[in-house]
Amino acid sequence: MSGDEPAGRSRAPFSRPIPVRRLSRRRETPFSIEADPEELADLARFLGLPHVERLSFEGTVAAVGEEDWEVRGRLVAALEQTCVVSLEPVAIHHDAEITRRYMPADEIAPVSEVTVAPDEEDEPDTFTNAIDPAALAVESLVLMLDPYPRAEGAALERATFAGPGVTPLEDADVRPFAGLAALRQKSAKSGN
């Protein structure tokens with residue numbers, strides 16, 4: 001923990017803030033960041049993953065309009081997730097273009113009600129004095145993670161549970177119209 005962090009506050013697993021108020025608004029500012037081995041271990045713990053081998057983010061920060069900023073870059077990640085079927089490690093590789101717009105926090109008015117419209121663009125994120133492309137990389141990576149990773153060839157076996165002498169239920173037996181289908185078949189056989 002660095003000397004300027006408040007006591008009791010855990011540090012972010014990967015952070016590289018850029019003080020945007022010092023950047024030129026006339027030209028793009030390039031950045032290239034990569035998590036070191038200690039940060040990779042912290043990221044694995046933070047994300048609940050067995051292993052994070054690589055996380056890098058390379059791009060630019062550019063002024064947009066009067067006070068907004070935009071981060072554009074390429075995120076590359078190599079990690080392991082655990083297969084939900086076999087519990088074996090699954091190697092995952094992500095290579096994605098990321099774009100995020102930021103606006104000063106003091107421009108956002110307090111909101112009493114939130115309305116989400118599916119066809120509207122996302123609202124820009126806010127910043128006070130700095131934008132952290134490393135935090136953006138971690139957030140983007142979290143959104144890319146497969147919630148149910150499977151190893152190649154891993155498949156759930158069929159399981160049947162029923163007591164002795166009891167016919168187990170099948171999926172078709174509990175469908176809402178299964179009874180009507182059975183009546184229809186019976187009716188067709190009897191010639192009605």
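Contact here means heavy atoms within 4.5 Å. The views below come from a predicted model.

**View A. Val71 and its neighbours in the nonpolar core.** Leaving aside residues up to four places away in sequence, Val71 touches Phe31, Phe57, Thr60, Val61, Ile98, Thr99, Arg100, Tyr102, Ile131 and Leu136. Val71 is also one of the residues that touch the most other members of the largest nonpolar core, a group of 37 residues.

**View B. The aromatic pair.** The count of aromatic pairs comes to one. The ring centres of Phe31 and Phe57 lie 5.2 Å apart with their planes at 65°, so this pair is edge-to-face. Since Phe31 belongs to strand E1 and Phe57 to strand E2, the pair ties together parts that are 26 residues apart in sequence. Both partners are tucked away: Phe31 counts as buried at 8% relative accessibility, and Phe57 counts as buried at 0%.

**View C. The two faces of strand E1.** Follow the side chains along E1 and you will see them alternate. Six bridges pair E1 with E2 in the antiparallel sense, and Thr29 stands opposite Val61 in E2.

**View D. A charge over a ring.** Here the charged end of Arg25 sits over the ring of Trp69, 4.7 Å from the ring centre.

Key. Residues numbered from 1 in each chain as written. Predicted model: local features only at pLDDT ≥ 70, side-chain atom pairs only at ≥ 80, totals over all residues. Heavy atoms only, no water. Core = buried A, V, L, I, M, F, W, Y, C linked by side-chain atoms within 4.5 Å. Buried < 20%, exposed > 50% of the residue type's maximum accessible area, 1.4 Å probe, protein only. Phe/Tyr/Trp six-rings, centres within 6.5 Å; stacked < 30°, edge-to-face > 60°. Helix = DSSP H or I, 4+ residues; strand = E, 2+ residues; numbered from the N terminus. Lys NZ or Arg CZ within 6 Å of the ring centre and 35° of its normal. Pairing = 2+ DSSP bridges.
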